[in-house]
Amino acid sequence: MKKSKFNHNQIASILKEFDTGKSVEDISREHGVSKATFYKWRQRYGGMDAEANLNGSKSWKRRMLRLKRMYANLAMELDVINTLLKKALSLA
C-alpha cells in the first residue's frame, strides 16, 4: 500500500478549507489530490480536527511505549526464571 504524502494534520486542514466554503475542485487542484481521495478523506476524517488527531496520536504513542516497556520487563523476568530453573535442574 502506498504511503500518503499528507499527514493527518494536513488532511484535517484541507478538510477544514472545504468547511469554510471552498469548492472540491479548487481544493483538489490546489493540493494535487483527486476528488475521490478528497471524499475518502472526508469520509474517514470528517468530524475530526487537527488538534484531535494530534492528541489521539500522542496518546497512542504513549500506550505503545507503555506496552513495549511491559513486554521488556516480562521478557527479562522470563529469562531470569529460565536461568534459575536450568541451574536448579543441573544441581538435582
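1. **Ground rules.** This is a predicted model, in which local features need pLDDT of at least 70 and side-chain atom pairs count only at pLDDT 80 or more, while totals for chains, interfaces and linings use all residues. Residues are numbered from 1 along each chain as its sequence is written, and side-chain values use heavy atoms, with hydrogens and water left out.

2. **The overall plan.** The protein chain has four helices and zero strands, and its pattern along the sequence reads α-α-α-α. Helices (H or I, at least four residues) and strands (E, at least two) are DSSP runs, numbered from the N terminus. Of the 92 residues in the protein chain, 15% count as buried. Buried means under 20% relative accessible area, exposed means over 50%, and partly exposed lies in between (1.4 Å probe, protein chains only).

3. **H1 against H3.** Two packed helices are described by the angle between their axes and the distance between the axes. Helix H1 (residues 8–19) and helix H3 (residues 35–45) have axes that come within 10 Å and cross at roughly 100°. That makes H1 roughly perpendicular to H3. Axes are lines fitted to C-alpha atoms, for helices over the stretch in contact, and angles run from 0 to 180 degrees between N-to-C directions. Angles under 35 degrees count as roughly parallel, over 145 as roughly antiparallel, 65 to 115 as roughly perpendicular and the rest as oblique.

4. **Who meets whom there.** From H1, His 8, Ile 11, Ile 14, Leu 15 and Phe 18 meet Phe 38, Trp 41, Arg 42 and Tyr 45 of H3. Contact means heavy atoms within 4.5 Å. By class, this contact of H1 with H3 has seven nonpolar, one polar and one charged residues. Here Ala, Val, Leu, Ile, Met, Phe, Trp, Tyr, Cys and Pro count as nonpolar, Asp, Glu, Lys and Arg as charged, and the others, Gly among them, as polar. Leu 15 touches Phe 38, Trp 41, Arg 42 and Tyr 45, leaving aside residues up to four places away in sequence.

5. **H2 against H3.** H2 and H3 pack at about 105°, with their axes 9 Å apart. These two helices are therefore roughly perpendicular to each other. Val 24, Glu 25, Ile 27 and Ser 28 in H2 meet Lys 35, Phe 38 and Tyr 39 in H3. The residues of this contact divide into four nonpolar, one polar and two charged.

6. **The two sides of H3.** Which residues of H3 are buried? They are Phe 38, Trp 41 and Tyr 45. Seen down the axis of H3, these buried residues fall within an arc of 60° (taken from the directions from the helix axis to the C-beta atoms), so they line one face of the helix. An α-helix has 3.6 residues a turn, so residues three or four places apart point the same way. The face of H3 turned away from its buried side carries the exposed residues Lys 40, Gln 43 and Arg 44.

7. **A look at Phe 38.** Phe 38 counts as buried, at 0% relative accessibility. Not counting residues up to four places away in sequence, Phe 38 touches Ile 14, Leu 15, Phe 18, Val 24 and Ile 27. Phe 38 and Ile 14 are 24 residues apart along the chain, and their C-alpha atoms are separated by 8.7 Å.

8. **The buried side of H2.** In H2, the buried residues are Val 24, Ile 27 and Ser 28. Viewed down the axis of H2, they fall within an arc of 100°, so they line one face of the helix. H1 and H3 are among what covers them. Ser 28 has a relative accessible area of 9%.

9. **The core.** The largest nonpolar core has ten residues, including Phe 6, Val 33 and Trp 41. The elements giving two or more residues to this core are H1, helix H2 (24–31) and H3. A nonpolar core is a set of buried Ala, Val, Leu, Ile, Met, Phe, Trp, Tyr and Cys residues joined through side-chain atoms within 4.5 Å.
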